[in-house]
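The following exercises concern a predicted model. Each task is followed by a solution in steps.

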Amino acid sequence: MEFDVVLLAGGGSTRFGGVDKALLVLEGVSLLDRVLAATSGATSTVVVGPVRSAGCAVEWTTEEPPGGGPVAGLAAGLAKGTAPVVVVVSCDLPWLTEEAVAELLAGVGERDGYGLLDSEGREQWLAAAYRRAALVEAFKRIGDPRDKPVRRLFSGLDLAWSAPTRAGDDVDTWADFDD
């Protein structure tokens, strides 16, 4: 299935004391490159955030003005690419795999999207595949995306979720990173 990737990597990492999570290294590979490897089958990949070194060719963009939150970042990334399905991921998913991305793509079916549950059963909207048309309509509904909650963007979409999986676990604190 043809898909584009929007990888969100522009957050402030406040719970990490401002350390750039995208550049944290796990098992010799940055979190950014781990997620890029898992999504390597994409037709196009845009990383939303400051330009950094990456292990593959990607397009870079930021929301205007910067610092508008993940929904504004997603809007900026969605403006790139044309594939009918968009895999939306954050840079802090170190256990995301190519197999999990394949599951996301297969799970969309006729729905608006299909996402991963983390290992504790929480919905990970930023670890999901969405129909581009559904995302475009969702953005029309919410208007200006700056500082809007992620939950509000996806409210009303027909979504399904995986079984709980480590691939959906994100790294929000040092304790998460050490697990």
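**Exercise 1.** Determine which residue just after α4 takes a positive phi, and describe the two sides of this helix.

*Solution.* Next, list the buried residues of α4, which spans residues 132-142: R132, A134, L135, A138, F139 and I142. These residues lie on the same side of α4, because the arc they cover around the axis is only 160 degrees. The face turned away from that buried side carries A133 and K140, both exposed. Finally, identify the cover over the buried residues of α4: it includes β1 (3-8), α2 (70-78), β6 (85-90), β8 (123-131) and α5 (150-154).

**Exercise 2.** Find the aromatic pairs in the whole structure and classify each one.

*Solution.* For W125 and W161, the ring centres are 6.4 Å apart and the planes stand at 75 degrees; the angle is over 60 degrees, so the pair is edge-to-face. W125 belongs to strand β8 and W161 to strand β9 (residues 159-164), so that the pair links distant parts of the chain, 36 residues apart. W125 counts as buried because its relative accessibility is 17%, under the 20% limit.

For Y130 and F154, the centres are 4.6 Å apart and the planes are at 5 degrees, so this pair is stacked. Y130 lies in strand β8 and F154 in helix α5, 24 residues apart. Both Y130 and F154 are buried.

**Exercise 3.** Which residue lies over the face of W95?

*Solution.* The residue is R166, at 3.6 Å from the ring centre of W95.

Key. Residues numbered from 1 in each chain as written. Predicted model: local features only at pLDDT ≥ 70, side-chain atom pairs only at ≥ 80, totals over all residues. Heavy atoms only, no water. Buried < 20%, exposed > 50% of the residue type's maximum accessible area, 1.4 Å probe, protein only. Helix = DSSP H or I, 4+ residues; strand = E, 2+ residues; numbered from the N terminus. Arc of directions from axis to C-beta. Contact = heavy atoms within 4.5 Å. Phe/Tyr/Trp six-rings, centres within 6.5 Å; stacked < 30°, edge-to-face > 60°. Lys NZ or Arg CZ within 6 Å of the ring centre and 35° of its normal.
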